[in-house]
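Subject: A structure for you to look at

Hello,

Here is the structure I promised to pass on. Please open it alongside this message, and then read on for what turned up in it.

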Amino acid sequence: MTPEETFTKYLKAFETLEPSKFTPYYHSPFMLVTPIGVFTGINEEATDAIVSKVVAQAKEQGYSRSEMPNGFACEALAPDLASLTGNIRRFNQANEQIAEFGISYLMRKVGDEWKLVVMTIHAPK
């Protein structure tokens, strides 16, 4: 599977808001960088704590789905490293936009799988 295919599957898995569906896409350790702070999933317990906050916030907003209106760019940095960038729009169950932000993700190939290592949330470009 390519980094692009993995990322697309991750986005669909995230839409379930079921951590068991999307956390397998995370590298261990992994890092989430946002305007409000840096969060490091150094082990399963730390990852669960980060994910529970993200899922709780999404549920509070009535999150239903995400879209990337302009797609995303993927750049190979090495045979086992890739960078993905783009803008994400989130929508609630009423199909109202509840958020828009930019993403910059670093992925690493581990065995035959691509994993999300660093996930950065920033202003849309």
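**Confidence**

Please keep in mind that this is a predicted model. The average pLDDT of the protein is 96, and 100% of the residues score at least 70. Among the elements, strand E5 (residues 81–92) has the highest mean pLDDT, at 98, while helix H3 (residues 44–60) has the lowest, at 93.

**The largest pocket**

The largest pocket holds about 610 Å³ of space. Its lining is made up of 26 residues, and those nearest the centre are Leu32, Thr34, Val54, Gln57 and Ile121. By type, the lining has 19 nonpolar residues, five polar ones and two charged ones.

Which elements build this lining? At least two residues each come from helix H1 (3–14), strand E1 (26–34), H3, E5, strand E6 (97–110) and strand E7 (113–122). H3 gives the largest share, with five residues.

**The largest nonpolar core**

In soluble globular proteins, nonpolar side chains tend to be buried together. Here, the largest nonpolar core contains 29 residues, and Phe7, Tyr10 and Tyr105 have the most contacts inside it. Two or more residues of this core come from each of H1, E1, H3, E5, E6 and E7.

Beyond its neighbours within four places in sequence, tyrosine 10 is in contact with Phe22, Tyr25, Tyr26, Tyr105, Leu116 and Met119.

**Two more residues to look at**

Is lysine 115 buried or exposed? Lysine 115, in strand E7, has a relative accessibility of 15%, and it counts as buried because this is under the 20% cut-off. Leaving out neighbours within four places in sequence, the residues in contact with lysine 115 are Pro24, Tyr25, Tyr26, His27, Leu106, Met107, Arg108 and Val110.

Serine 83 belongs to strand E5. Apart from neighbours within four places in sequence, serine 83 is in contact with Ala73, Cys74, Glu75, Leu77 and Tyr105. Serine 83 and glutamate 4 are 79 residues apart in sequence, and their C-alpha atoms are 9.9 Å apart in space.

Enjoy looking around, and do write back with any questions.

Best wishes

Definitions and conventions: Residues are numbered from 1 along each chain as its sequence is written. This is a predicted model: local features need pLDDT of at least 70, side-chain atom pairs count only at pLDDT 80 or more; totals for chains, interfaces and linings use all residues. Side-chain values use heavy atoms; hydrogens and water are left out. pLDDT is the predictor's confidence in each residue, from 0 to 100. Helices (H or I, at least four residues) and strands (E, at least two) are DSSP runs, numbered from the N terminus. On a 1 Å grid over the protein atoms alone, a cavity is a set of points where a 1.4 Å probe fits but cannot get out, and a pocket is an open set with protein on both sides within 12 Å along at least five of seven lines; lining residues have an atom within 4 Å of a point. Grid points are joined across faces, edges and corners, and a volume is the space filled by probe spheres set on the points. Ala, Val, Leu, Ile, Met, Phe, Trp, Tyr, Cys and Pro count as nonpolar, Asp, Glu, Lys and Arg as charged, and the others, Gly among them, as polar. Buried means under 20% relative accessible area, exposed over 50%, partly exposed in between (1.4 Å probe, protein chains only). Contact means heavy atoms within 4.5 Å. A nonpolar core is a set of buried Ala, Val, Leu, Ile, Met, Phe, Trp, Tyr and Cys residues joined through side-chain atoms within 4.5 Å.
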